[in-house]
Amino acid sequence: MVQDSERVVWLERLIEISRSLNSTLSLRPLLHRILVAAQELTRTEACSILLLDRKSGQLRFEAATGPQGYRMRSIVVPMEGSIAGWVVQTGAPLVIPDVRSDPRHYHKADEQSTFTTHSILAVPLIARDNVIGVLEALNKKNGAEFGEEDVELLTVLGDQAAVAVQNALLFQQSDLIAEIVHEMRTPLAAILAYAELMQRADATLAQCRQFADVIRGEAERLNEMATNFLDLARLESGRAFFAQDPVDLSTVIRMAVSVLMPQADAKQIGLSVDIPSALPLIVGDAQRLHQVMLNLVGNAVKYCRPGDEVTIMVRSEEDRLVVSVADTGPGIPAEALPHIFERFYRVPDVRRTLGAGLGLTIARQIVEAHGGEIHVSSEEGQGTTFTFMLPVNKTRVDADAH
Ligand SMILES: Nc1ncnc2c1ncn2[C@@H]1O[C@H](COP(=O)(O)OP(=O)(O)OP(=O)(O)O)[C@@H](O)[C@H]1O
Ligand SMILES: [Mg+2]
């Protein structure tokens with residue numbers, strides 16, 4: 001009887017969770033909710049979600065709990081020789097009480113995440129009769145073993161989660177494509193209009209040159225947009241690959257500054273760097289962090305006026321590095337601040353600077369993929385400061401440095 005009443009409590013909880021899952025169409029927050037619910041229901045140390053990419057046939061970690069969870073993102077797991085692969089292929093749940101004695105356990109995932117798996121319960125995520133991924137619960141707390149009720153609970157949660165994930169994936173795609181097409185229309189319309197002007201019999205050679213300049217400028221803008229769209233689409237779908245290398249952030253910052261220095265000089269904007277001499281290394285993707293710096297410092301240079309100053313500072317705190325890019329530029333109106341990281345968002349601008357409104361969205365995606373966060377503070381007429389923090393994992397970096 002006790003068991004029955006406990007069951008009712010769990011079922012109630014499941015209904016509540018399922019409601020909360022269906023209330024969001026954003027993939028990242030949704031995956032997070034699923035993981036928190038899975039961990040609570042199974043009383044385990046960690047949970048992770050893998051999704052199957054239909055096109056490439058690859059199975060990848062999409063999200064995982066725990067401070068090192070972000071490291072798992074985009075790790076590819078082989079279809080043969082992994083527990084998740086077995087679950088995808090059979091469409092059935094699987095309990096492994098001791099992974100050491102099971103050849104299906106994929107050890108590399110543990111090595112990358114620095115988490116030690118002892119036991120696993122994995123259930124398939126099935127939406128519209130298709131297996132779209134796997135939900136895994138790792139290590140019951142207090143050394144307990146997985147029981148039948150764990151399998152049942154996680155299976156029910158997996159069924160709910162799969163539908164919500166499928167919906168979020170579909171929404172994400174349709175949303176992004178619609179926005180991309182919309183954004184590309186403006187430069188395309190300009191190119192068409194100026195090409196037609198050039199074809200007019202009464203157009204002078206000088207006019208034609210001028211029209212060609214506009215066409216070229218708009219085409220360059222389209223080209224840059226296409227690159228950014230692709231980047232963003234990859235980042236948002238979790239298909240982006242992130243290197244896990246020891247990175248010296250001061251080198252990354254100095255490189256970005258040297259790229260932007262000529263532009264700053266030409267606009268008579270001061271660009272200075274203040275970095276402590278011995279920074280701890282972080283684990284991450286140097287190229288993508290370079291892109292974050294280019295986007296932030298590039299914005300500062302783009303939106304500042306001659307005579308303004310841009311200062312880049314790095315501070316080392318206990319377990320993280322804090323980078324700030326501060327400028328004395330025009331600032332961002334208070335009502336715009338909450339939207340600044342949204343894709344395609346641009347502050348209406350009297351000086352008509354060009355841009356697609358993607359730079360900050362991409363920067364945030366990259367910082368978050370490194371387990372960090374990014375914030376902005378700004379006052380109109382006073383300037384703007386973007387600050388991002390990246391976690392420093394000493395043990396891991398030390399191990400790599402040897
Ligand atoms: N340092 C800054 N000072 C003032 N406004 C800024 C600053 N950085 C960003 N903004 C505002 O935030 C908006 C969004 O920035 P974001 O970098 O995402 O897009 P963008 O620069 O317009 O285009 P792009 O996709 O080329 O980067 C900008 O349009 C601008 O209005
Ligand atoms: Mg920008």
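**Figure 1. The shell around ligand 1, by class, comprises 10 nonpolar, six polar and three charged residues.** In this predicted model, 19 residues surround ligand 1, and the closest of these are Asn-299, Tyr-303, Asp-327, Arg-346 and Leu-358. At least two residues of the shell come from each of α8 (286-303), α9 (359-369) and β13 (383-391), with α8 providing the largest share, four residues.

**Figure 2. Oxygen atoms of ligand 1 approach the side chain of Tyr-303 and the backbone of Ala-356 and Gly-359.** In the side chain of Tyr-303, an N or O atom is placed 2.8 Å from an oxygen atom of ligand 1.

**Figure 3. The largest pocket is the site in which ligand 1 sits.** The space in this largest pocket amounts to about 1200 Å³, and its lining is made up of 43 residues, with Asn-299, Lys-302, Tyr-303, Arg-346 and Leu-354 lying nearest the centre. Two or more lining residues are given by each of α6 (205-237), α7 (249-266), α8, β11 (320-327), α9 and β13, and α8 gives the most, with nine residues. Sorted by class, the lining of the largest pocket holds 21 nonpolar, 13 polar and nine charged residues.

**Figure 4. The second largest pocket contains about 1000 Å³ of space.** Of the 36 residues that line the second largest pocket, Arg-28, Pro-29, Arg-73, Gln-365 and Glu-368 lie nearest its centre. The elements α2 (27-42), β2 (59-64), α5 (148-199), α6 and α9 each supply at least two residues of this lining, to which α2 gives the most, with six residues. The lining of the second largest pocket divides by class into 15 nonpolar, 12 polar and nine charged residues.

**Figure 5. The structure holds one cavity of 30 Å³ or more.** About 100 Å³ of space lies within the largest cavity, which is lined by 13 residues, those nearest its centre being Tyr-70, Phe-242, Gln-244, Ala-369 and His-370. By class, six of the residues lining the largest cavity are nonpolar, five are polar and two are charged.

Terms used: Residues are numbered from 1 along each chain as its sequence is written. Chains are lettered from A and ligands numbered from 1 in the order in which they are written. This is a predicted model: local features need pLDDT of at least 70, side-chain atom pairs count only at pLDDT 80 or more; totals for chains, interfaces and linings use all residues. Side-chain values use heavy atoms; hydrogens and water are left out. A residue is near a molecule or strand if one of its heavy atoms lies within 4 Å of it. A polar contact is a pair of N or O atoms within 3.5 Å; within protein, one must be able to donate a hydrogen and the other to accept it, and residues adjacent in sequence count only if both atoms are side-chain atoms. On a 1 Å grid over the protein atoms alone, a cavity is a set of points where a 1.4 Å probe fits but cannot get out, and a pocket is an open set with protein on both sides within 12 Å along at least five of seven lines; lining residues have an atom within 4 Å of a point. A molecule sits in a cavity or pocket if more than half of its atoms lie within 2 Å of its grid points. Ala, Val, Leu, Ile, Met, Phe, Trp, Tyr, Cys and Pro count as nonpolar, Asp, Glu, Lys and Arg as charged, and the others, Gly among them, as polar. Grid points are joined across faces, edges and corners, and a volume is the space filled by probe spheres set on the points.
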